[in-house]
Amino acid sequence: MMAMTRTMRPIVVALLAIGLLAACATAGEAAPTESGTGPAEATCPDGLPTLTACYRGRSEEGAFYWIAIPAGWNGTLVVHAHGGPRTQPPAQDDPIEDLQRFAVTVREGYAWAGSTYRRGGYGVRMAAEDTDVLRTIFRDRFGKPRRTFLHGQSWGGNVAAKAAELYAIAADGSNNYDGVMLTAGVTSGGTRAYAFRADLRAVYQFYCRNHPRPDERQYPAWQGLPADETMTRAELSARVDACTGVGLKASERTPRQASNLRNILGVTGIDEQQLVAHMAWATILFQDIVHRRLGGLNPFSNAGVDYAGSDDDVALNAGVERFSADPMAVARLSYDADLSGMIVVPTVTIHAKYDPTVFVSVDHVYRQTVAAAGRSDLLVQTFTDESEHSKLSNSEYAALLESLSIWIDTSKRPSPDDIATQCEQYVMRYEEPCLFDADFVPPATGASVNP
């Protein structure tokens, strides 16, 4: 379990007019693009069933997309929201990776549609709009599906959950989406999802003092990087390796490196193999969030945080950098990325208990959010004995899709046990196990759960 405890993390949301919030959160979202292109036939990537028809194009907003329709299409479309955020500019074939990763969708007879977002970087409402635009592109070209599901993976879980809140019901009262599936989703919302990485930057700098180095321009950890600086993943990895030896075998680390690594991991609860990845998010993504989306304002706070799990917690808490969130930054981030819990269609989730990237405690937050909105009857959460983030068992995905379809057909809400039982029929087909733990309850706080 995570050793660090938060005795206080105030989330201060300024009471501002909705019009002002909307203007702040969406400023700069629209980017000039070339004219959109409708779905054009394309050669399907490897891993899809034979006779699948594939198409690709670009929305008028600038998002590239791919569509796959199996020969025996069951009439249901799955609109996919990808994870990230990816900070590089999007490219036409970016969705192929997601299509191949979730090819089980097409193998089970569902049509699949997934897009990039119009630009790289953070922006949940922007990404939600681009996702829903793809739904309309599919409808205009191929007709309205019998049923439409919304699927979000990782950060795309935040995007899909937001899109469901914004677009699930059409203006005439009909359903744009009939069900939602969130896999390893960042369902805690923007103001909570990245707090542990702000903690990581502060704790890392206490021990390492090389991000920034003493002879470099100094800046607060919450910025990620100054607006006008760049740092590659390799350059960041070199700094982390120099301080912690995380890229070396344990026997090759110096005593100082071993001590630094032990303390950083002990306090933050982050897995050793994921340290550089989390540092990259807390560097490059933080720079994007702070400077490009929030006008340089700080949305993070570690005021009042009691760090624990180091060799000397007293020294750590006395010397670690402290910072407090700007209320306007929190309000803007909340408007863009937090969730209301007002779900209106059946929603199923799956999360590996030992996910090292998006910690399973986010599901506790989402469960509470939905319950506070009085919508728990439309949410079923499932958990598995896996330690992966990006890809779980295909048998489990197939079971979720089937269970969601049955729920909609029968109006009978499945239990986690029902979904686990449903999964067993797919084990022989995919030669991948069903690892559901129907009794697991996600922890309220903490980083990774230890196997």
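Guide: A residue is buried under 20% relative accessible area, exposed over 50% and partly exposed in between, with a 1.4 Å probe and protein chains only. The model is predicted, so local features need pLDDT of at least 70 and side-chain atom pairs pLDDT 80 or more, while totals for chains, interfaces and linings use all residues. Residues are numbered from 1 along each chain as its sequence is written, and side-chain values use heavy atoms, with hydrogens and water left out.

Visitor: Why is His 151 called buried?

Guide: His 151 has 1% relative accessibility, which is under the 20% limit, so the residue counts as buried. His 151 belongs to strand S6; strands are DSSP runs of E with at least two residues, helices are runs of H or I with at least four, and both are numbered from the N terminus.

Visitor: Which residues does His 151 touch?

Guide: Contact means heavy atoms within 4.5 Å. Leaving out residues up to four places away in sequence, His 151 touches Val 78, Val 79, His 80, Ala 81, Phe 102, Ala 160, Met 181 and Thr 183. His 82 is 69 residues from His 151 in sequence, with a C-alpha to C-alpha distance of 8.6 Å.

Visitor: How do you know whether Thr 148 is buried or exposed?

Guide: The relative accessible area of Thr 148 is 3%, under the 20% limit, so Thr 148 is buried. Thr 148 lies in S6, which covers residues 147-153. Beyond its neighbours within four places in sequence, Thr 148 contacts Leu 77, Val 79, Arg 135, Asn 176, Tyr 177, Asp 178 and Gly 179.

Visitor: What follows S6, and what is said of phi at Ser 154?

Guide: Ser 154 sits in the loop between S6 and H5. Its phi is near 60°, a positive value in a residue other than glycine. Ser 154 has a relative accessible area of 11%, so Ser 154 is buried as well. Ala 184, which is not a glycine, has a positive phi of about 50°. Ala 184 is in the loop between strand S7 (179-183) and helix H6 (190-193), and at 3% relative accessible area Ala 184 is buried.

Visitor: What makes H5 largely enclosed?

Guide: In H5, 10 of the 13 residues are buried, so the rest of the structure largely encloses this helix. Among them are Trp 155, Asn 158, Val 159 and Lys 162.

Visitor: How do you know that the span of H5 agrees with expectation?

Guide: The expected span of a helix is 1.5 Å times one less than its number of residues. For the 13 residues of H5 (155-167) this gives 18 Å, and the end C-alpha atoms are 18 Å apart, so the two agree. Helix H9 (255-268), with 14 residues, reaches 20 Å, close to the 20 Å expected.

Visitor: What do the buried residues of H9 pack against?

Guide: They pack against helices H7 (195-208), H8 (233-244), H10 (275-293) and H11 (313-319). The buried residues of H9 include Leu 261, Ile 264, Leu 265 and Val 267. Gly 269 follows H9 and has a positive phi near 75°.

Visitor: Why is Asp 409 called exposed?

Guide: Asp 409 has 53% relative accessibility, over the 50% limit, so Asp 409 counts as exposed. Asp 409 lies in helix H14, residues 394-410. Asp 409 and Leu 261 are 148 residues apart in sequence and 52 Å apart in space, C-alpha to C-alpha.

Visitor: Which peptide bonds are cis, and where are the prolines?

Guide: The bond from Gly 84 to Pro 85 is cis, with omega near -5°, and Pro 85 is in the loop between strand S4 (76-81) and helix H2 (95-101). The bond from His 211 to Pro 212 is also cis, with omega near 10°, and Pro 212 is in the loop between H7 and H8.

Visitor: What makes the chain as compact as a globular protein of its length?

Guide: The chain has 16 helices and nine strands. Its radius of gyration is 22 Å, close to the 22 Å from the globule rule for 451 residues, so the chain is as compact as a globular protein of that length. The radius is taken over C-alpha atoms, and the rule is 2.2 Å times the number of residues to the power 0.38. Of the 451 residues, 58% count as buried. Among contacts with a separation of 6 or more, 76% join residues 24 or more positions apart.
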